[in-house]
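Welcome, and please load the model in your viewer. We will begin with the whole chain and then select a few places one by one.

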Amino acid sequence: MKKFMAIGLAAGLLLTGCSQQTAEKDPKAQSATPVTENAPLEEKTVAPKVSTKQTAGTQQADDFTDAVAELVKKADSTAPKGTQEERRNTFFTLHNEIEQLEDQMDAYEDKLEANYNAGTVTIEQYQAEEQKLDVLADQLDQAEDALELTFNLKD
């Protein structure tokens, strides 16, 4: 009986190793896995709405301006109320919204850099967008710092 269990365990490990090798060799297998794993996460979290203005089919740093302003206003107007747990939940809800927007901005920044490296964006366009993103990121950082002070919590 132990022999069969050992053989079954070894076969399971070998099959697991083979499936991982297949995923490494097959780009379709790699891209399919993260989408499936992340899909439920995206449904649970509420991302800030980013304007969908498009110029020449591309996103711009200006598209984040309204979302940043909305989050900064929301953070500034939020006061700690309720029990300790309610205050903590309020803080982390706002903190997570800020983090999500920062992640969206980082993804845009990565795409912008790739476009610059590919030659589809000029150095002037790249620098102008980077500067706008830096200003918006600073605003989010200040809002996050203010939240930490208001709620007397650190992330």
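Colour the protein chain by secondary structure: there are five helices and zero strands, taken as DSSP runs numbered from the N terminus (helices H or I, at least four residues; strands E, at least two). This is a predicted model, where local features need pLDDT of at least 70 and side-chain atom pairs count only at pLDDT 80 or more, while totals for chains, interfaces and linings use all residues. Residues are numbered from 1 along each chain as its sequence is written, and side-chain values use heavy atoms, with hydrogens and water left out.

Of the 155 residues in the protein chain, 23% are buried (under 20% relative accessible area, 1.4 Å probe, protein chains only).

Next, select helix α3 (residues 65-77) and helix α4 (residues 84-118), which pack at about 160° with axes 11 Å apart; the axes are lines fitted to C-alpha atoms over the stretch in contact, and angles run from 0 to 180 degrees between N-to-C directions. That makes α3 roughly antiparallel to α4 (over 145 degrees). Show side chains for the contact (heavy atoms within 4.5 Å): α3 brings A67, V68, L71, K74 and A75, and α4 brings L94, E97, I98, L101 and M105.

Now move to L147 in helix α5 (residues 123-151). Is L147 buried or exposed? L147 is buried, at a relative accessible area of 1%. Leaving out residues up to four places away in sequence, L147 touches A75, F91, L94, H95, I98 and N152.

How values were computed
Buried < 20%, exposed > 50% of the residue type's maximum accessible area, 1.4 Å probe, protein only. Parallel < 35°, antiparallel > 145°, perpendicular 65-115°, else oblique.
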